[in-house]
Amino acid sequence: MEKKQKDVLLQTPKGMRDILPEEYPFYQSFFKKAEEIATYYGFQPIQAPHLEKIDLFTAAIGETTDIVEKQMYIFKTRGGDHLVLRPEGTAQVMRAYLKHGMHTRPQPVMLYYKGSFFRHESPQFGRSREFQSFGLEILGEANSIADATVIRVATAILEDMGLKNFIVHINSIGDKECKNTYRKELSNYYRRKVNHLCKDCKRRLKENPFRLLDCKEDSCKKLKEEAPQMINYLCSECKTHLKEVLEILDALNIPYILDHYLVRGLDYYTRTVFEIFLDEKDESPEKPSQLKNLALCGGGRYDDLSKILSNKDVPAVGMSMGAERVIMALHEKKLLRQRYKNPKIFFIQIGAAAKRKSLILTEMFRKANMPIAQSVTKDSLKSQLKIAARLGAPIILMLGQKEAIEDTIIVRDANLGGQDIVPFSKAIEFVKKKIAKK
Ligand SMILES: [Zn+2]
Ligand SMILES: [Zn+2]
């Protein structure tokens, strides 16, 4: 093969990428922190497959949404099934809840999930075709405290990751009744302005008028400013629900703004919808954040989803948070700390006999929960000492031919100099004491 042809073999599919060892620890620490906080609040893990039947998403998300219309990776299996790479997590968590009869467990059922999701959109900054999310769902609870809990946990994750300046955009899109009234008002409004709408919005107007509020075309954005607001059409129950959520956010000091045109394009949302952004007011105007207009997290209540998928009535609320975007935000704010600590012990081995015995010692230290670094492939003392110095390990273990035969090890203090010869059986205790003094 020509070199040029071979280069093609090395490319990842468009919008997908490798996460290299330097970057991987940031993902690890994000998911670890998110799991820790979710667990503390009573969420339990669930893992659903990466592949689902296509009907789940067309029914749940809605045929006229961007995701279903053009962003799903769909393929036909050898068996003739139509499957899709999951574009989001909520529909499948609800599917799992219903399939496994979780309504018979004590309610609410609180679940969290993490992993890759896939959307075939035009790749751009902060938007990959394979992206990693952390999500939460509270199923079987209609009370506004559940909505606030989901927002609380989401903001706690951002805070604990080190992000301080974010803001929750929140709105209510009502329930079946008031949502329909609003839909009609919105249609009427835009029908009067139809000549000023972009081509896509002319089509959207017939299918799903809510989606006009999400249009990024300038002419449509301008029309939005005068569009009717949901808040004026909420029924009294929906109004009370929103008021309660906001009261809890106030009590928790969570920064939010009421965003009257936030609808989140998916059909299954009812009442609360929210997205969390970096707060623009502390962006310098000369250097706006690259994450401007990109939500770090989004979610909402979806009381009708269970009725689309089954005949059960399961009020529920959830959110999902993009790992990439949170890491980008931390990077932009220079808050990304080196998450990987180098071990304090470096283990040098010289000669074949020592290399073989080294596995016994490595296993002893692993069981004692004492991390060590080593270079298994380097033979010379000099090159191994060089690596130890680069890592800044204060304690160096050395195993040579003689020590390997005698089952002893040399323990050297890298800073003070000086060394001791210690039998294998005493090595752990000895090194532990030395580290304690560091
Ligand atoms: Zn438009
Ligand atoms: Zn209502």
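Tutor: Domain bounds here come from an automatic or database domain assignment. That assignment divides the chain into domain 1, made of 13–175 + 235–332, and domain 2, covering 345–436. Taken over C-alpha atoms, the centres of domain 1 and domain 2 are 47 Å apart.

The model is predicted: local features need pLDDT of at least 70, side-chain atom pairs count only at pLDDT 80 or more, and totals for chains, interfaces and linings use all residues. Residues are numbered from 1 along each chain as its sequence is written, chains are lettered from A and ligands numbered from 1 in the order in which they are written, and side-chain values use heavy atoms, leaving out hydrogens and water.

Let us turn to the sheet. Helices (H or I, at least four residues) and strands (E, at least two) are DSSP runs, numbered from the N terminus, and two strands pair if DSSP finds at least two bridges between them. Eight strands form an open sheet with mixed pairing, in the order β1-β5-β6-β11-β10-β9-β7-β8. Its edge strands, each pairing on one side only, are β1 (44–45) and β8 (256–258). Within the sheet, seven bridges join β7 (residues 166–172) to β9 (residues 270–278) in the antiparallel sense. F166 has L278 of β9 opposite.

Helices are described by contact (heavy atoms within 4.5 Å) and by axes, which are lines fitted to C-alpha atoms, for helices over the stretch in contact, with angles from 0 to 180 degrees between N-to-C directions. Helix α2 (residues 24–40) lies across β5 (109–118), β6 (130–139) and β11 (316–322), and runs at about 0° to β6. Helix α6 (residues 144–161) also packs on the sheet, where α6 touches β6, β7, β9, β10 (297–301) and β11, at about 15° to the direction of β11.

Helix α6 has a helical partner as well: its axis and that of α10 (residues 236–251) come within 9 Å and cross at roughly 40°. The two helices are therefore oblique to each other; angles under 35 degrees count as roughly parallel, over 145 as roughly antiparallel, 65 to 115 as roughly perpendicular and the rest as oblique. The crossing of α6 and α10 is right-handed, a term used if the near helix is turned clockwise from the far one by less than a right angle, and left-handed if anticlockwise. Here S144, I145, D147, A148 and I151 of α6 meet H241, E244, V245, I248 and L249 of α10. This contact contains six nonpolar, two polar and two charged residues, where Ala, Val, Leu, Ile, Met, Phe, Trp, Tyr, Cys and Pro count as nonpolar, Asp, Glu, Lys and Arg as charged, and the others, Gly among them, as polar.
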